[in-house]
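Here are a few friendly notes to read beside the model. Please keep the structure open and find each residue as you go.

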Amino acid sequence: MSGTEQNQSITPVSASQAAINGMRAAMGIPIIVLSSSYLGFGSLIRDNDLSVWLGVFSTFTTWALPGQVAMIELYGAGASILVISVTVSLINARFLPMAINVMPIIRTPGVPRWRYYFLVHLLSINSWAYLVQRGPSMPREERLPYYIGFAMTLWIAGMISSAAGYALAGAVPRPVSLGLVFLNPIYFMLLMVVGLRKPALIIAMGLGVILGPLLHVMSPDWGLMLTGVIAGSAGFFGERFWDRHRDRDRRQGGSHG
């Protein structure tokens, strides 16, 4: 490809067109999988005799399906507000490193800092995965509107699907409707498998697959959290060791040359 063709291929589009591109990207498999999962969540809301408006409001404010499911299950079990709040906070703590990771990608000169506090609320595992994989190759001025179009499309679809799942509860067998909740994490895992080019991902997912079942048998209450801490930490420090070893080899190779 010539230099002219390369420049044409990365020519920035308008902000509105970038947002439309994000919406189009979300309207494929991401919205199908996410909507299916929130259909299951809506069924779970009705199964616990809660209001449909509570389910939709939960999606509007929390926008984190694992935390929402934990909240409903704990509420149904009679847990206190304190226990529910602490549990949901721990489950959703994963969004802190995700936000830290994605902010340098979407940060755009001239955009007031306060707007990012709202925009980061739209972050989900789908938008994070897509932006981390595709964002760096986009012109910087396209990234933020692309993210807004992609993330807001999924956010609105999640609220609609929560209400639809509530209305359709009973139309399909209960195990099937509740099982839809697990489609989204499975899809996220497949996205990560596609992006297995970094040592951190390889180490973390490999250890997670091995340690997850073992630690769950040893401690059903803490097994999942321990798996995440151990596998994630191993991936982080393993990649740092890998990078240092690679940089050292490059310096030695350069000195020999």
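1. Start at S161, which touches S35, Y38 and L39, leaving aside residues up to four places away in sequence; a contact here means heavy atoms within 4.5 Å. S161 sits in helix α10 (residues 140–168). Is S161 buried or exposed? S161 is buried, with a relative accessible area of 7%, where buried means under 20%, exposed over 50% and partly exposed in between (1.4 Å probe, protein chains only).

2. A word on the source: this is a predicted model, in which local features need pLDDT of at least 70, side-chain atom pairs count only at pLDDT 80 or more, and totals for chains, interfaces and linings use all residues. Residues are numbered from 1 along each chain as its sequence is written, and side-chain values use heavy atoms, with hydrogens and water left out.

3. Now look at the whole protein chain: it has 14 helices and 0 strands (DSSP runs, H or I of at least four residues for helices, E of at least two for strands, numbered from the N terminus). Of its 257 residues, 37% are buried. Among contacts between residues at least 6 apart in sequence, 78% join residues at least 24 apart.

4. Which residues line the second largest pocket? They are M103, R107, R113, Y116, Y117 and V120. A pocket is an open set of points on a 1 Å grid over the protein atoms alone, where a 1.4 Å probe fits, with protein on both sides within 12 Å along at least five of seven lines; lining residues have an atom within 4 Å of a point. Helix α8 (residues 113–119) gives the most to this lining, with 3 residues.
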